[in-house]
Amino acid sequence: MDRHPIDSQALREQNRRSWNMVVPAHYSHHRDLAAFLRAGGLTIFPEEQELLGDITGQSLVHLMCNTGQDTLSLARLGAKVIGIDISDEAIAIACSLAHDSALPAQFERADVFDWLAQAAAEGRRFNRVFFSYGTLCWISDLSQWAQGIAAILAPGGRFVVIDFHPTSNMFDAAWQLVRTYPAGGNLLTLAGIDDYVGASGAGLTPSGFTEGVREFHNPEPCHLFQWGVGEVVTALAQAGLRIETLREYLFVNGERPFTNMREGLGRRLIAPEGTPQIPLMYAVTATH
């Protein structure tokens with residue numbers, strides 16, 4: 001499904017540099033996250049908990065885990081969890097956060113495609129494989145991605161992905177329809193990953209928001225890939241996984257992609273009054 005005559009590995013390496021630049025800025029907005037987690041706080045949302053089901057004692061890999069707060073929340077809920085991320089800065093923070101919060105999670109720095117291939121070759125298998133929020137846009141080849149997931153999912157295990165809905169990317173910040181539905185693995189090159197954590201305020205900082213880094217500018221460009229919902233589901237099905245659920249949500253958790261959004265319960269953000277509601281997130285679960 002990778003339709004681009006490009007060196008996707010080189011693009012992913014550039015993405016690693018872009019993430020390394022922005023991760024410290026993102027993390028600077030969290031108020032004592034280790035203490036929050038140590039005291040029993042959770043950074044994941046109810047939707048992820050429902051999709052994953054009871055994870056007590058289950059082996060779980062959280063791929064593209066960023067700085068690991070959600071990974072550590074899954075450990076708090078009883079999973080035997082490993083977090084994987086391409087960013088050196090993110091994994092360094094995740095390891096420090098695990099130590100300071102005294103939660104039993106392991107972290108490994110790796111490109112997701114490299115890690116999936118190596119894990120499959122080593123015979124590593126997991127009861128849960130988890131991707132969440134803003135991950136699919138970094139996947140350069142959906143077929144390779146889905147086959148990699150199928151290769152490490154234990155018999156009877158469950159794959160879960162929850163992400164921002166492609167339909168929401170058709171609109172600008174003022175809710176005006178300005179773009180074609182994103183699909184086909186269309187390549188986007190942007191100036192650099194921005195400080196969306198700072199822009200979202202309390203929505204992405206459950207331990208409390210602090211001003212942190214101001215006026216962040218990322219000098220490292222990044223490369224994204226646009227996939228439609230149908231393409232994601234099809235790739236998983238063609239990899240031999242059985243689709244259990246496909247859900248669409250008329251709200252977004254944490255992040256604030258549009259102006260004048262209404263705040264709902266539990267850090268949910270909803271379209272303004274008078275604005276037609278569109279799906280802002282979606283989730284897929286699949287099993288062997």
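The model is a predicted one, in which local features need pLDDT of at least 70 and side-chain atom pairs count only at pLDDT 80 or more, whereas totals for chains, interfaces and linings use all residues. Residues are numbered from 1 along each chain as its sequence is written, and side-chain values use heavy atoms, with hydrogens and water left out.

Relative accessible area (1.4 Å probe, protein chains only) classes a residue as buried under 20%, exposed over 50% and partly exposed in between. Cys-137, at 23%, is therefore partly exposed, and so is Cys-95, at 38%.

Helices (H or I, at least four residues) and strands (E, at least two) are DSSP runs, numbered from the N terminus. Helix α5 covers residues 88-101, 14 residues in total, and spans 20 Å from its first C-alpha to its last. This is close to the expected 20 Å, the expected span being 1.5 Å times one less than the number of residues. The buried residues of α5 are Ala-90, Ile-91, Ile-93, Ala-94, Leu-97, Ala-98 and Ser-101. Viewed down the axis of α5, these residues fall within an arc of 160°, so they line one face of the helix; the arc is that of the directions from the helix axis to the C-beta atoms. An α-helix has 3.6 residues a turn, so residues three or four places apart point the same way. The buried residues of α5 pack against α1, α2, α4, β2 and β3, where contact means heavy atoms within 4.5 Å. After α5 comes Ala-102, with a positive phi near 60°.

A nonpolar core is a set of buried Ala, Val, Leu, Ile, Met, Phe, Trp, Tyr and Cys residues joined through side-chain atoms within 4.5 Å. The largest has 47 residues, and those with the most contacts inside it are Trp-115, Val-129, Phe-131, Trp-145 and Phe-159. Helix α7 (residues 142-152) gives the most to this core, with 6 residues. Leaving aside residues up to four places away in sequence, the contacts of Phe-131 include Leu-63, Val-112, Trp-145 and Phe-159. A second, separate core has 40 residues, among them Leu-52, Leu-60, Phe-251 and Met-281.
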